[in-house]
Structures are given as structure tokens and as C-alpha cells.
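Have a look at the structure, then read on.

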Amino acid sequence: MRTWGSFVALAAVLLLPASVTPAAAAVRAPVRRLPAAPPCPNVPAPATRPPQPPPAPDPVARAVGGAALDTAGLVVPPASTAPPAVTATSWVVADLDSGAVLGGCGPHEYGVPASVQKLLLAATMLPRLDPHREVTVTAGDLAVEPGSSAVGLVEGGHYRIETIWLGLLLRSGNEAANALARLGGGPDGLAGGVRAMNEEAHRLGARQTHAVTPSGLDGPGQFTSAYDLALIARACFADPAFREYAATRVAQIPAQPAQRAKGFAISNDNMLLDHYPGALGGKTGFTDLARHTYVGAAERDGRRLVVTLLGAEVTTQRGWQQGAALLDWGFAQPRDARVGRLVEPGELDRSAPPPGGAASALAGHADLRGGGAAPGPRPGAGVTVAVGAVLTAGGVLLLARRRRHAAVVAMSTGSALREPEIPEQE
């Protein structure tokens, strides 16, 4: 595999156009690709049902943000230090402000989100819902899996929307997710809310994300990627209300006298806030199918980074601790370090190829590479074609490896059963 990796890297250099824009050159800079384990271990998760294959790989979607991100293994800048070993099957570290992707492991590999899905709900519904509006919780909102995460809202209770947001982001309340999706979903209620989430994912450029439930409880055909989560997290942290909610340590859920329900306090289950200097917040997640998932952000010396990880096992480190270790690695890298970038909202739609012309992962489109139009014919085109043919043959071997990798990512594409969700600290 190392032999193929070296050859692919050489061939990729030959495939680059003779001149590129500065933005494209930054994304196309040589990168170091290392094996998936270690320091990027791929630990199979204990399966509660036979693993299901993820959706078929889309070469265009896998190249979003830069062709170097199209790997099932580790991708880091050439001069970087080795990232810490974690159990997550995929992860990304990115800059919230510049959008630079500092490194990742299988950035575009499909995974199951669990409660980090709630960040997509937040990105979708925060602009739609008045936080000061008082609403009534319904029986349908409370229809969640027995034993799954709930904040403790009661049927018929009257709550301000900002209180429901706090219940969602501090305690991962699945009934809060149902209520917010219903309230922001228009005439179609919760179903409309989920549809809006998928539309927002598309707008953000998260083309490997598909929501089935607003809470992240497992559903058939629900998936995401570490790269997509970074796009979604960036949109969330751009919203002042989200930053306030995500950084809140303790909040009060008001009493509901008509329902004879007492008020109570809730605390934030994201331990990064208490143990990592400069922590900005994020989201934890867990289901038996997804295993541990995590999104966390922090600021240091005026630099804001986000880490996203999927499919982690808690052996010696919890999800937030693995995230903290990766954030430390990210902050230790030079400010200009990058292997790709986070695309801007709407960018992929604005730069879509004309009808009848399919985008190519090697064509240098601005929507995939970060700048520059597709290059015209240039000297050495025949060599390029020959190299491309060899790359295609090599791709067969790489695809086999990716399929083996996909087998350990338990995707729920055929069963409507869902697993209970458990707060990470439990």
C-alpha cells in the first residue's frame, strides 16, 4: 500500500495544471498520507446488528474541499507532527475562521452521527425561530425511544424556545429536538423540519449528510462525514445565539404548575468546557450503532479550531478527550498549515458544472479544489492520460481497502429500528 501511495502522490503532481491560482495551490500542496493505523487507528465497533454498507462512494462528493481529502487514511501537511492516536474511525480538525482543514482521518468516509446531528438542527432552525416565543410541548414531541436522552419537558408545558434550545444543547434532549423540528418545519411539522435540515446540509456543502431524525436517534439511511460535520459546526459557531447556548454551563427549566411539574436545573454534558482552556462548546453523541461521536471547538491565541470525530470507542479516553487531544495537535501546527478547506455556504451550487457536464474530482473545478477554473489542454496531456490509466488500475486496489473500511462503519440503511441514545458521561 505504501508503494501505491507514493505512486499516486507522484501521479497527482503530474496531473496538476502548469499554473494555478494561489487559492488552488494552497489546497493542492503536497501532503503526507500515512497508513490508517497507527497513528490513525481504525478500531471496529462492537456491533449490535450486522453491519450495513454505507451509500456508494461519490468521487465528486469525496473531493469537496480538496482532492487530498479523498482518502480513507490519514492526511496531514508535510511538515506537521504526527497527530495523537485516537479510536475514532474518522476525524477532521479545521479552522473556524479561515476554513482551512488542518488534517483528518477519512474526512469523507460515511459514518453515523448520533446526537451531533442536533448541530444540523441548530444550523437550520436557529434563524427560523424566535427565542423569546413561548410554545407548548405536545405528546408527539415526547415520542422518543424509552431510555434515550431527554431533558425532562412535559406534555402541555409552556416553555420559551430559548429554554428548549438549552435543553437540546446542554442535555441532548431528544424531545427538545422533536419540538424544535416541528416548530420550524412549517405546515408539515416534524417531517418538514427534517426536510429543511437536509436542504440546509445541501446548502452548506455537506453532500454526504442525510438526516432521518432531528435528534440523531438512528434511522434507516441516516449518515454524515467528519468533513460535513465541520461544515455544519462552522455554520453553528457563526451564530451568536448558538455560541451563547453551547457555552452555557447551567440552565434552569421552569416549573409547570398546571402539570404539577417542578422546575429543575440542567448542566452541560460537554466536559470540554470544564477541562479545556479556551473551550467554546460543541456536542456529544452516542448510540449503539454510531458509537461515540463528538464535535468540539476552542480558541487559543486568537485562533479558533473545531474538531469532529465519528465512530470512537471509549477505552482510555472519552470522545471529548480524544477531541481535546486533536485540538492540541491542531493548535501546535503553523497557522498556514492546511490540506484542504471548508467550502462556503452555497458555493457548490454557485459553481456547479453546466447541464450535461459532470464535475471531475481531478478537473480542478473551483467547487472542489478551492479555486481556479478547469485547465485547458497543455503540453504533456498524453502523459497525463497514461498516468490516469495507471491510477484507475490502482484505484481498484484502493477501493477494495475502502470497502473493507466501510464494513466496520455500521450504517442503518434498511432497518427502521433505532437504538437508545446515552449521554456520553454515562
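## α6 against α7

At roughly what angle do the axes of α6 and helix α7 cross? Keep in mind that we're looking at a predicted model here. The axes of α6 and α7 (residues 189-204) cross at roughly 85° and come within 6 Å. Angles of 65 to 115 degrees count as roughly perpendicular, so α6 and α7 are roughly perpendicular to each other.

Who's touching whom? On the α6 side you'll find N178, A181 and R182, and they meet G189, L190 and G193 in α7. Sorted by class, that contact has 2 nonpolar, 3 polar and 1 charged residues.

## α6 against α5

Now for another partner of α6. Helix α5 covers residues 161-171 and helix α6 covers residues 174-184; their axes come within 9 Å and cross at roughly 135°. That angle makes α5 oblique to α6. The crossing of this pair is left-handed.

From α5, the residues I161, I164, W165, G167 and L168 take part, and they meet A176, A177, L180 and L183 in α6. Split by class, the residues of this contact are 8 nonpolar, 1 polar and no charged.

## α6 against α4

Next up is α4. Its axis and that of α6 come within 11 Å, with a crossing of roughly 30°. Angles under 35 degrees count as roughly parallel, and α4 and α6 are therefore roughly parallel to each other. α4 passes α6 in a left-handed crossing.

The α4 residues in this contact are K118, L121 and M125, while α6 brings in N174, A177, L180, A181 and G184. By class, you get 5 nonpolar, 2 polar and 1 charged residues in the contact of α4 with α6.

A few α6 residues turn up again here. A177 and L180 of α6 touch α4, and A177 and L180 also meet α5. A181 is in the contact with α4, and A181 meets α7 too.

## A space inside

How do you look for gaps in a protein? Rolling a probe the size of a water molecule over the atoms shows where empty space is left. In this model, the count comes to 2 cavities of 30 Å³ or more. The second largest cavity holds about 30 Å³ of space.

Which residues line the second largest cavity? They are P113, V116, Q117, L119, L120, T209, T224, L229 and I232. The elements giving two or more residues to this lining are α4 (118-125) and α8 (226-237). By class, the lining has 6 nonpolar, 3 polar and no charged residues.

Conventions: Residues are numbered from 1 along each chain as its sequence is written. This is a predicted model: local features need pLDDT of at least 70, side-chain atom pairs count only at pLDDT 80 or more; totals for chains, interfaces and linings use all residues. Side-chain values use heavy atoms; hydrogens and water are left out. On a 1 Å grid over the protein atoms alone, a cavity is a set of points where a 1.4 Å probe fits but cannot get out, and a pocket is an open set with protein on both sides within 12 Å along at least five of seven lines; lining residues have an atom within 4 Å of a point. Grid points are joined across faces, edges and corners, and a volume is the space filled by probe spheres set on the points. Helices (H or I, at least four residues) and strands (E, at least two) are DSSP runs, numbered from the N terminus. Ala, Val, Leu, Ile, Met, Phe, Trp, Tyr, Cys and Pro count as nonpolar, Asp, Glu, Lys and Arg as charged, and the others, Gly among them, as polar. Axes are lines fitted to C-alpha atoms, for helices over the stretch in contact, and angles run from 0 to 180 degrees between N-to-C directions. Angles under 35 degrees count as roughly parallel, over 145 as roughly antiparallel, 65 to 115 as roughly perpendicular and the rest as oblique. A crossing is left-handed if the near helix is turned anticlockwise from the far one by less than a right angle, and right-handed if clockwise. Contact means heavy atoms within 4.5 Å.
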